[in-house]
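Please read the briefing below alongside the sequence and the coordinates.

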Amino acid sequence: MTTNAKLTRRLILQAGAASAALGAPGLLLAQPKPIKIGLVHPVSGGLAYSGSQGRLGCQMAIDAINAAGGIKSMGGAKLEAALADSQSRPEVGVSEVERLQQDGVSAYVGCFASAIALAATQAAAKYNTPFLIDVGVSDLIVDRGLKNVFRLAPGFGKCVDDAIVALGEVNKAAGGVAKTAVLVHEESEFGTGTAKLLAGKLPSINVQVAEVIKHANPTRDFSNVALRIKSLKPDLVIMSNYQNEYVLLARTMHQQKVDVAAMFSVLGGGFNYKLVKEQPQVAQHMMDFNHWFNPRDPKAIDMKKKVEATGNLFTFEVYCGWNSVMVYADALERAKSADKEKAIAALESSSWSNHFMPYGQTKFVNGQNTGGRAALLQASATDIEVVWPNQFGSTKAVFPRPKLS
Amino acid sequence: MDLTILGAAAINGLLIGGIYTLVASGLTLIYGVLHIINFAHGSLLMLGMFGVYYLLMKLGIDPYMSLLIMVPAMYLLGYLLYKLLIGRLSQGKDENILLITLGLSILIENLALMFFKGDTRTISVSYSDTMVELGPTLVSLPKIISFGAAMALCAVLGLFIQRTDTGKAIRAVAKERVGARLVGIDVDRIFAISFGIGLATLGAAACLLMPIFYVSPTTGHVFVMVAFTVVVLGGMGSFLGAVIGGLIVGLTESFGGLFLGESLGQIGISLIFILILLFRPSGLFGAKR
């Protein structure tokens, strides 16, 4: 027994020395520390669906980066998701940022809703931790001079500007049939801000605003709103609201047979594949100006298939989340460090282009990517098509849409 | 203001009021008669609506045909919930029931989030867009059906409570629990039956709501505050009160939206709630204590 024990000890020592000298130096060196990214999304409460879609996109990106060998300039350091639920409430978003800070996150990605993003980014700014906004369209998010905040997708200012150009071009091509519009928007920062910008810019394309109708969240019945719109006889109805109210309003307008040249939305919360699938007659010919992938990019089609294979829809939250993680990973690769100052500097000088969006290279000015833009979409009976800008378009717009009555 | 629009607003207010009555009728039985503050009312409605959604999507069963499944299923769920959970854990204390139903509501919502995901779902059936001309406005057929059904449901529940032995036992338990026990009424069973009936009405409400509304794990929140307002306004335990309360709340919301704007219109509902609590806590048709 003693002999065996001595032999065993000797064998262990020999094996250790041999592996150190020859075979496995990597085993003895410390693995690079994983880089934690805080994913702050509303995965419960009223915005749960959008939040969970955003989280899905981020996690897919993290998995893809890790599967490809992690951050190579940092010795293959892996990314690690630190999950947080803002519960669709700004104050919870702030407390989740604080909690994740204690957990040692190197950056945050979130927050879907502007109100949550405004509060959460402010909290992260105290620690100078980079915060990538995947979705959150209020321009206030990037206009407050916070050095840690970066947004890849366009905000509502840019979206409204481009939507006005797109609508103007589509209307002009149809002989300028649309001359008046009614705006219907939800009451929070997103809807109110978007509607205010639209009301100011529509006259520039010869569309006069007949009325602006603000509604509460939740609104249980839009019958009176539909009747009011019907009595005003506008050529366009332009909506800015979240998913539930978007669907309810669209259905009521369809049922009340409100005939307009277009039901148009900017960043319409309920304009997605589910609406087309569940309410094809309601959705058909509806137009939305929103974050969208480039339908001509094979990478986008590939990712769409991957997402749909998981039983989920390929909504904009998914690829906005994906892109935000990817642009941060690119910054880490160039900074060769997760140090917050260095990562922020790398993001500021980012010229990332390995995306599948209708964007150019990234160029952040005061945290906003000036290369980002949204697209004009229109629902057919079975799908959603890009109808503007033309170089990414998959079909031509049906405008004015056929009459319902 | 144009009389046509006022007339249309009145019709829309009455119809949405009918929907509120529908959701509140179960609550008035549970909350009003048995004094159980059921915080899970909204979550259970949502659960019922998902049931109707999947019955259509997976088995192709029309929402109105689903009444035959959902009403007994929800009754059974309510009965068992009371027998196995609420009754056992409450130990006869009302504050315990409040906490149990609150916990239940959080549990149901989060389970719904886990299993159904957070997105908004709607259904499309052949009659979804069938419109009926009602005076100055077009009204969808499912809305008229749900209005009629709400009125019928309250009438049936009212008759059930007034005329049947079980109804009398429910009233006896509500008035004097100890006395009811002394005359041989199984109080626990009556509680379970009442809870079951309350949930059965939610099952009916779910079937009638799905063709006109959407469902997501948070849909219950959309209706629960209104349902409590209707019950308080109408008088706890009064089905006639639920009808009148529902219609008043619907009209208030509709005209509030018309005159104050859709954003501020809902203030009226909260205002009614506060005023009723201040000046007539027993409600319009509730018995004074």
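**Backbone geometry and chain organisation**

Lys233(A) lies in the loop between H9 and strand S8 (236-240) of chain A, where helices (H or I, at least four residues) and strands (E, at least two) are DSSP runs numbered from the N terminus. This is a predicted model, in which local features need pLDDT of at least 70 and side-chain atom pairs count only at pLDDT 80 or more, while totals for chains, interfaces and linings use all residues. Residues are numbered from 1 along each chain as its sequence is written, and chains are lettered from A and ligands numbered from 1 in the order in which they are written.

- Most residues other than glycine have a negative phi, and most peptide bonds are trans.
- Lys233(A), although not a glycine, has a positive phi of about 50°, and with 12 other C-beta atoms within 10 Å it is exposed; a residue is buried if 20 or more other C-beta atoms lie within 10 Å of its own, exposed if 12 or fewer, and partly exposed in between, with C-beta atoms placed from the backbone.
- Ser88(A), which is not a glycine either, has a positive phi of about 65° and is placed in the loop between strand S2 (79-85) and helix H4 (90-102) of chain A; Ser88(A) counts as buried because it has 23 C-beta neighbours inside 10 Å.
- The peptide bond from Gly110(A) to Cys111(A) is cis, with omega near 10°, and Cys111(A) lies in the loop between strand S3 (107-110) and helix H5 (114-125) of chain A.
- A cis peptide bond also runs from Trp388(A) to Pro389(A), with omega near 0°, and Pro389(A) belongs to the segment after strand S14 (384-388) of chain A.

**Domains of chain A**

- Chain A is divided into domain 1 (35-154 + 296-373) and domain 2 (157-290 + 376-388), with bounds that come from an automatic or database domain assignment.
- The centres of domain 1 and domain 2 of chain A, taken over C-alpha atoms, are separated by 28 Å.
- Eleven residues from domain 1 of chain A and 14 residues from domain 2 of chain A take part in the contact, two residues being in contact if their C-beta atoms, placed from the backbone, lie within 7 Å.

**Where chain A touches chain B**

- In this pairing, 31 residues of chain A are in contact with 32 residues of chain B.
- Among the elements that give two or more residues to the side of chain A that touches chain B are helix H3 (48-67), strand S7 (208-215) and helix H9 (223-232) of chain A, while H10(A) gives the most, with six residues.

**Chain B**

- The secondary structure of chain B comes to eleven helices and two strands.
- Of the 289 residues of chain B, 54% count as buried, and its C-alpha atoms fill a box of roughly 60 × 50 × 35 Å, taken along the principal axes.
- Strand S1 (residues 131-134) and strand S2 (residues 137-140) of chain B pair in the antiparallel sense over four bridges, where pairing requires that DSSP finds at least two bridges between two strands.
- S1(B) and S2(B) form a hairpin with two residues between them, and Gly135(B) in the turn has a positive phi of about 60°.
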